[in-house]
Amino acid sequence: MQEAGDLGWWGVAIAVIGGAFRVSTPYIFVSLGEVITEKSGRVNLGLEGILVMGAMSAFAVAVMTGSPWLGVLAAGIAGALLGAVHAAISNLPRVNDIAVGIALFIFGIGLAFFLGKPFTPVAGPILPHISLGAWSAFPQVRNALEINALFILGLVVAGLVYWGLKNTRWGLMLRVCGDSSDAALAMGLNVNYVRTVATMVGGFLAGIGGSFLSLYYPGGWNEGLSSGQGLMAIALVIFARWNPIYCVYASLLFGAATALGPALQTAGINENYYLYGAAPYFLTLALLIYSSSPDRLLAGAPAEVSISK
Amino acid sequence: MVTAIRSHFHSVAEAVLVSFGALAVTLIIFSAFVWLHGANPLEVLYALYQGGFATRTSLENTLTQAAPLMLTALCTAIPARAGLLVIGGEGALVIGALATVLIGVLLEGWPFLPGVIVMSLAGAVAGGLWIAAAGGLRQYRGVNETISTLLLNYIAIAVMNHLIDGPIRDFSRTLKTSSWSIPDSLRVGSLPGLDVHWGLVVGAVCCLVLWFVMRKTTFGFAVDVLGGNARAAQLAGFRINRLVLACCFIGGAGAGLAGAFEIMAVHGFANESLVVRLGYIGILVAFLARHNPLAIIGVAILLGAITASGGLLQRRFGLPDATTLVLQGILFMSVLASNAAYGRMSFLEMIRPAAVPEPVKSKEA
């Protein structure tokens, strides 16, 4: 409080910017995963469950092996497996993929809580970061400019997904399946197969997003680790118009909104703490209202995705 | 006429068969799951039965858990009949509970029945408006109702935390941050001869009434047409926006009423004990009941039993408290997957509904 007091409102601004870099990482991974899944014509609303399961798996494996990066890999694999479950059920006729997502949401959280019970009191390894703020005399600035390794990886993945969707054969197959399953059939594509792979890749990325929660910030494993980032990321994708690069910008915005409550609290402003804490949800809803339209498909929306209709 | 009656018999038989099949698959997967964790599956399944139904206490516990689930399930089931996927029961319950507290504290000295009715209405209307807002956003602004109701859940919980942390905080309760309490004279007690609160009866009656409304009235018919084919409803000249808003309001009112009874009959004040996934389990109840209000009553009791036996599983087998959550997740996924089985059981056509007398009558006619 006193330290932030030295910088006054600048302290809050710096904490929000630093928070944006820190907190945005899970949003980036989950939203990129959802972009891939939705581009194939499916919605996976269960990414919150995958996120929590990823956080738990990452922590458990990192504690057991001592290597945080093996934990990240384990989180991705756990996410891909849950994605496969979602895809397998959604591939069946007359099954609503949104409802399957809600089921996966409950199942993933349940599984993570069940398996993660023994790891709650344990301290674990954390992922490395790069300090870009050594030039500054203010500890707040140095703290804010500690860029974690997964954030940088997320930027790389965003670029890859953007390029891949546009320029590769796989990207084209994905987009065809998402825009018209009839056209995909005419091209001789196995739509369910493409969507299964897309949901598994999406799950893989969402799982990695979860690993950030337990291996970097806030760190450790407990049942309150996620506060709905997996769900907000889905709204974020709509706001970002299914564009991977916009997803990064939107994630930074959401990260900043999430960091607002804690930043104000460290500056000594405790009133309305819970309302500031809910800023990301208000922001998501406001952006949805702003960017939706009752009578036309959103620009960039895959036509087969039920959530954009 | 004959075919109509037979097809109704067959569709009921099919639904029952598919649902029990999904339940059986769930129990098999769940058994494998607990077996992998070193517990004897047969003993665990028996404990599920014991904790849910075997003794008078466990049955009372089950029914107490089932009461709010009947009402929160309506929050998904009624909009689903109009073709919406609403998952905001958790938030509507919290908002309903808050409204009940806010109105309840003003009713000091009121006679019992009017006081309880006013508080119930406050909860129901607040929850109804909460979900109707999401319906309105969908109809007039094109905002996806699944995502908006999910966000509204988080917003409702934040609003509750904000209110009980300051504006309506009762500072004499130090164990858990809690709101003011409603007057003791307006607390709802147990049913005569049963340690289950009146919310059970209210929930069951609501389900019955809504079953009748959905099945026998023009409103219910219009909603089913809309849910089946929105274009047809448009061509038939139905006022679609009104139907959607009405369904959302009714569903939200159900969840809000659940919140009202959680306050009036269980807690007496609002705090985080309200947020125990009653809304999310309600979604599962609605899907398992195939959005049929009559079936919700039975399914809610079944799911209530799972919750009620959670403590026994923890004590006897040392399984984590999340075990029931895993079971619910598996059940939900099996039920959704079982939708694929409809229309594939040709052997059902060979069964003649001998027990149904109507076909004979219609032959004569």
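A:L236 touches A:Y27, A:S31, A:C247, A:A250, A:S251 and A:F254, leaving aside residues up to four places away in sequence. In this predicted model, A:L236 is also among the residues with the most contacts inside the largest nonpolar core, which has 229 residues.

**Nonpolar core**
- Besides A:L236, the residues with the most contacts inside the largest core are B:M70, B:V285, B:I296 and B:A300.
- Helix α10(B) supplies the largest share of this core, 17 residues.
- In soluble globular proteins, nonpolar side chains tend to be buried together.

**B:G252 and its surroundings**
- The helix that holds B:G252 is α10 of chain B, residues 240-267.
- Is B:G252 buried or exposed? B:G252 counts as buried because 36 C-beta neighbours lie inside 10 Å, and the cut-off for a buried residue is 20 or more.
- Not counting residues up to four places away in sequence, B:G252 touches B:C75, B:A92, B:G127, B:G128, B:W130, B:I131 and B:A132.

**Chain A**
- Chain A has 14 helices and 2 strands.
- Its C-alpha trace spans about 65 × 45 × 35 Å along the principal axes.
- The radius of gyration of chain A is 19 Å, which agrees with the value near 19 Å for a compact globule of 309 residues.
- Buried residues make up 56% of the 309 in chain A.
- Among contacts in chain A with a separation of 6 or more, 77% join residues 24 or more positions apart.
- The average pLDDT of chain A is 88, and 95% of the residues score at least 70.
- Residues 1-5 of chain A have a pLDDT below 50, and this stretch makes 9 contacts in the model beyond near neighbours in sequence.
- Where pLDDT is low, the predicted coordinates should not be read in detail.

**Chain B**
- Chain B has 15 helices and 0 strands.
- The radius of gyration of chain B is 22 Å, close to the 21 Å that the globule rule gives for 365 residues, so chain B is as compact as a globular protein of that length.
- Along the principal axes, the C-alpha atoms of chain B fill a box of roughly 70 × 60 × 40 Å.
- In chain B, 49% of the 365 residues count as buried.
- Residues 24 or more positions apart account for 77% of the chain B contacts that have a separation of 6 or more.
- Helix α6(B) is mostly covered, with 17 of its 21 residues buried.

**Contact between the chains**
- Chain A puts 38 residues into the contact and chain B puts in 37 residues.
- On the side of chain A that touches chain B, the elements giving two or more residues are α5 (97-116), α11 (229-239), α13 (273-277) and α14 (279-291).
- Of these elements, α5(A) gives the most, with 12 residues.
- By type, this side of chain A consists of 29 nonpolar, 7 polar and 2 charged residues.

Technical notes: Residues are numbered from 1 along each chain as its sequence is written. Chains are lettered from A and ligands numbered from 1 in the order in which they are written. This is a predicted model: local features need pLDDT of at least 70, side-chain atom pairs count only at pLDDT 80 or more; totals for chains, interfaces and linings use all residues. Two residues are in contact if their C-beta atoms, placed from the backbone, lie within 7 Å. Helices (H or I, at least four residues) and strands (E, at least two) are DSSP runs, numbered from the N terminus. Ala, Val, Leu, Ile, Met, Phe, Trp, Tyr, Cys and Pro count as nonpolar, Asp, Glu, Lys and Arg as charged, and the others, Gly among them, as polar. A residue is buried if 20 or more other C-beta atoms lie within 10 Å of its own, exposed if 12 or fewer, and partly exposed in between; C-beta atoms are placed from the backbone. The radius of gyration is taken over C-alpha atoms; the globule rule is 2.2 Å times the number of residues to the power 0.38. pLDDT is the predictor's confidence in each residue, from 0 to 100. A nonpolar core is a set of buried Ala, Val, Leu, Ile, Met, Phe, Trp, Tyr and Cys residues joined through C-beta atoms within 7 Å.
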